[in-house]
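Thank you for making time this morning.

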Amino acid sequence: MQPRNMSMSGVVDLAAVKAAGEAKAKAEQTRAAAARQGGPAAVPPSALVIDVDEAGFERDVLQRSAEVPVVLDFWAEWCEPCKQLGPLLERLAVEYDGRFLLAKIDVDANQMLMQQFGIQGIPAVFAVVAGQALPLFQGAVPEVQIRETLDQLIQIGEERFGLTGIAVDADGAGPDGGAAEAGQPAGPYDALLEAAMAALDAGDLAGAVQAYQTVLADDPAHPEAKLGLAQAELLARVQDLDPVAVRKAAADGPADVSAQIAAADLDLVGGHVQDAFGRLVETVRRTAGEDRNAARLRLLELFEVIGADDPRVTAARQALARVLF
C-alpha cells in the first residue's frame with residue numbers, strides 16, 4: 001500500500017470513486033445480510049480498539065475501511081505525548097460507538113508502515129477510508145480539535161463512501177450473542193454482485209457493468225446494482241480521457257455539449273460534485289432539443305452515482321426543474 005498525502009478536502013479522486021463504489025456496495029451487502037439475520041452483528045466496545053502490525057494491515061485496516069473509517073494511531077512506548085493521546089483516542093473510540101475503529105501501531109515494531117506513511121515524528125494520526133489514506137494530525141492536540149477532525153472524517157465516510165459504521169453491543173456480548181449466521185439463505189443476486197465487485201478490483205469495468213446490468217434486467221429497481229452500474233459506467237467513461245484536453249475544450253466551447261458532459265464527468269470523479277451538477281444544469285438551461293436532453297440525461301446518471309438522499313442531489317434536482325419548467 002502506498003499511502004496518499006492528501007487533505008480532507010481532496011479525498012475523492014478517480015481511485016477513490018472506485019473505492020467508494022466498492023465500499024457502498026459492500027455496505028449494502030452487509031446491511032442486507034444483517035437484515036436477513038434479524039439485525040446487524042454487533043461487536044463489544046473492546047473491539048473498537050485494536051493493535052495492528054504489518055502482517056495484519058491488509059485485513060485489519062484496508063479491508064475494514066470498506067465498512068468503517070479506521071483511525072491509525074502511530075505510537076511508541078518511549079513517547080511521552082503518545083501516553084496522553086493514546087488513552088484519549090481509545091476513550092473517544094468507545095464514545096463514538098462504532099462510527100470509527102481505532103488501530104494502534106507501534107512504530108518500533110512496524111518500521112515499514114512508519115516509512116510508508118512518511119511519518120517524521122510521533123504521535124501521528126492518520127485515517128483510512130474505503131482504502132484511501134489521509135493524514136489527520138500530529139502531536140498531542142486538544143480534545144476539541146480531535147473531535148472536530150473525527151466528526152469531519154465520519155461525515156466524509158458517510159457522504160462520499162456510504163460507510164455507516166459498525167454496530168456495538170453495549171453488553172459486550174459480541175456477534176455470537178446475535179442471530180446465528182449459519183443456514184441463512186444467500187440473496188438472489190449475491191453471486192452477481194460479488195462478481196461485479198471482483199471485476200472492479202481487477203479493473204475490468206466492462207465486466208462489472210455487465211454484471212450489474214444482469215441484476216437490473218431482472219430487478220430494475222435494485223438499489224445496489226443501480227448504484228454500482230452508475231459508478232462503473234462513470235469510471236469507464238473517464239478512464240481514457242485526457243483531463244487537460246477535456247477541460248480546455250469545455251472552456252473554449254461553452255456551447256459544446258459533449259465537452260461540457262465530459263468535463264462534468266471529470267468534475268464528479270475529482271470530488272467536485274456541485275461543480276459537475278452546476279455545469280450540466282447550466283448546459284440544460286442554454287440548450288434545446290437533443291443537446292438539452294443529452295445534458296439532462298447525463299445529469300440524472302450522475303445523480304445515481306452520488307445517491308438520491310444526498311442534499312446536493314436534492315438541490316440540483318430543484319435547479320434542474322427551474323431551468324426545465
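Predicted model: local features only at pLDDT ≥ 70, side-chain atom pairs only at ≥ 80, totals over all residues.

Let me begin with helix α10, residues 257–269, and helix α11, residues 273–286, which pack at an angle of about 165° with their axes 7 Å apart. Since angles over 145 degrees count as roughly antiparallel, α10 and α11 are therefore roughly antiparallel to each other. The crossing in which α10 passes α11 is left-handed. On the α10 side the contact is made by Val-257, Gln-260, Ile-261, Ala-263, Ala-264, Asp-267 and Leu-268, while α11 brings Val-273, Asp-275, Ala-276, Phe-277, Arg-279, Leu-280 and Thr-283. Sorted by class, that contact of α10 with α11 has nine nonpolar, two polar and three charged residues.

From α11 the contact takes in Val-273, Gln-274, Phe-277, Val-281, Val-284 and Arg-285, and from α13 the residues include Arg-312, Val-313, Ala-316 and Leu-320. By class, the contact of α11 with α13 divides into ten nonpolar, one polar and two charged residues.

Turning to the cavities, the structure holds two of 30 Å³ or more, and the second largest cavity has about 40 Å³ of space. That second largest cavity is lined by Pro-69, Arg-99, Ile-154, Glu-158, Leu-163, Thr-164 and Gly-165, a lining that divides into three nonpolar, two polar and two charged residues.

Methods. Residues numbered from 1 in each chain as written. Heavy atoms only, no water. Axes fitted to C-alpha atoms, helices over the stretch in contact; angles between N-to-C directions. Helix = DSSP H or I, 4+ residues; strand = E, 2+ residues; numbered from the N terminus. Parallel < 35°, antiparallel > 145°, perpendicular 65-115°, else oblique. Left-handed = near helix turned anticlockwise from the far one by under 90°. Contact = heavy atoms within 4.5 Å. Nonpolar A, V, L, I, M, F, W, Y, C, P; charged D, E, K, R; others polar. 1 Å grid on protein atoms, 1.4 Å probe; cavity = no way out; pocket = protein on both sides within 12 Å on 5 of 7 lines; lining within 4 Å. Points joined across faces, edges and corners; volume = space filled by probe spheres on them.
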